[in-house]
Amino acid sequence: MIEHVAIIGAGFSGTLQAINLIRHEGPRATLIERAPVAGTGLAYGAAHPSHLLNVRAANMSAFPDDPSHLVRWLEARGVEHAAASFVPRRVYGEYLREMLGEALARYPDRLRLVRGEVEDVTFDADGATLQLSDGTLRADAAVLAVGNLPPHDPPGLDPATLSSARYKGDPWDPSVPEGLSDGDTVLVIGTGLTMVDVALLLEARGFGGRIVAVSRRGLLPRPHAAGQDWDKIRERPRTKASELVRTVRARAEQIGWRNAVDELRPFTQPIWANASEDERARFLRHLRPWWDVHRHRLAPEVHARLQALIDRGQLAVRAAKTLGFAEGPEGIAVTLRPRGQDAPETILAQRIVNCTGPLGDLARSREPLLQRLAARGVIRPDTAHIGIDVDNQGQTIAADGTANANLYALGPMTRGAFWEIVAVPDIRTQTWAVARRLSNAHWVGGEGL
């Protein structure tokens, strides 16, 4: 019987897991967080006031069974046209923290928050022992809700050869916009959503210098537009990448590219689950950048600010590969090879910010807990090396291929099994389902139900 669940990480995934265990009247939970603030994670806790959600509030409820929950919360606070608004991410963080605070206050016997670092987890016939930096904790099951891992270092870059004042490997480092002058150049490696956050943060802090954003293809996230109703497809498209592209292109000509992408939402996880390893690899190699910029869009206001930076020449977006980095007294000389060219170029940057996106490969992870679990074979990477291998119920898979009945994983690190598991609508469904599974094991007393 599962009577106590330890949840490692109190970001979005971990917070919702804990709250949903209460909502399902399941086992008691201990939520463990090493950061000073619980309930938000990086996406909503480290955001600048100008950073907005990339999804309208109508689709950002924390609960799949209560889709208007966030809208009601916003309306109670005087937000007009709440359903259609792209609210600040900090406001969404307040929404999450308030829910967690209410749950802790109302159910002190069923939910507690522990501040600390989980250094290791071991398992025996009676459950799990979590080794914290200042003690141990026993539980019947554990849930890894570690969120996104820091980005990997770009090709040609050895952080040991660069000063921390010049190279920012963490795009959420508070010092990213500090100490710059208007004559400086900031090189942002990556052109996705995190780059947009960094560029707008620099603008908001008054930086008047040059920003150069570089990625292999130089693709930028597309903007949202006003929604419309249309006759959606009812059957799952075929998984072969080339056929899927043809299907989306044909639909885009009929209903617009946004609708053509959005109508795939109910099918993306089944498409991924039914794709072969070769089909997944081709998608990741050739189509992932295009999928990301069309699927994960910008609020219209954010897109307008970004375009204004480009139009006035402050932000330049380049399609290029980084080759080398050499720091000198005036900055870091970055050698690039522009896409489609053989001859390299050099850019002198006074600051470099790594916005290449979250790391998912366990073999490259520097997270001590994940390193220890992987080294002992408790967990293993998925076949695409983009996360932790789990089954369709969220149970982690050991090195020998067996499912761990008392160790689950949630959120972006399960993308290898589900692919679409980085946005709120997908994670809220996953946490709800795992909480229900754990609650069934609590009430029925079964293992691995």
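Predicted model: local features only at pLDDT ≥ 70, side-chain atom pairs only at ≥ 80, totals over all residues.
1. Strand 10 covers residues 185-189 and strand 11 covers residues 210-215; the two run parallel and are joined by five bridges. Strands (E, at least two residues) and helices (H or I, at least four) are DSSP runs numbered from the N terminus, and two strands pair if DSSP finds at least two bridges between them. Between these strands the chain passes through helix 5 (residues 193-204), and this β-α-β crossover is right-handed, that is, clockwise from the first strand over the helix to the second when the strands point away from the viewer.

2. The numbering starts from 1 along each chain as its sequence is written. Local features need pLDDT of at least 70 and side-chain atom pairs pLDDT 80 or more, while totals for chains, interfaces and linings use all residues, and side-chain values use heavy atoms, without hydrogens and water.

3. In strand 10, five of five residues are buried, where buried means under 20% relative accessible area, exposed over 50% and partly exposed in between (1.4 Å probe, protein chains only). Thr 185, Leu 187 and Ile 189 point one way, and Val 186 and Val 188 point the other way. In a regular strand, side chains alternate between the two faces of the sheet.

4. Strand 15 (residues 351-354) is likewise covered on both faces, with Arg 351 and Val 353 buried on one side and Ile 352 and Asn 354 buried on the other. Strand 15 pairs in the parallel sense with strand 10 over four bridges. Here Leu 187 has Ile 352 as its bridge partner, and Ile 189 stands opposite Asn 354. Strand 9 (residues 167-168) also pairs with strand 15 in the parallel sense, over two bridges, with Tyr 167 opposite Ile 352.

5. The domain assignment, which is automatic or taken from a database, gives domain 1 (4-51 + 88-150 + 359-439), domain 2 (153-221 + 297-355) and domain 3 (241-295). The C-alpha centres of domains 1 and 2 lie 32 Å apart. Their contact (heavy atoms within 4.5 Å) takes eight residues from domain 1 and seven residues from domain 2.

6. About 720 Å² is buried between domain 1 and domain 2, 53% of it from carbon and sulfur atoms; buried area is the accessible area (1.4 Å probe) that two parts lose on being put together, summed over both. His 48, Ser 50 and His 51 supply 52% of the area that domain 1 buries against domain 2, more than any other three residues.

7. One salt bridge is found across this interface, by the criterion of a side-chain nitrogen of Lys or Arg within 4 Å of a carboxyl oxygen of Asp or Glu.
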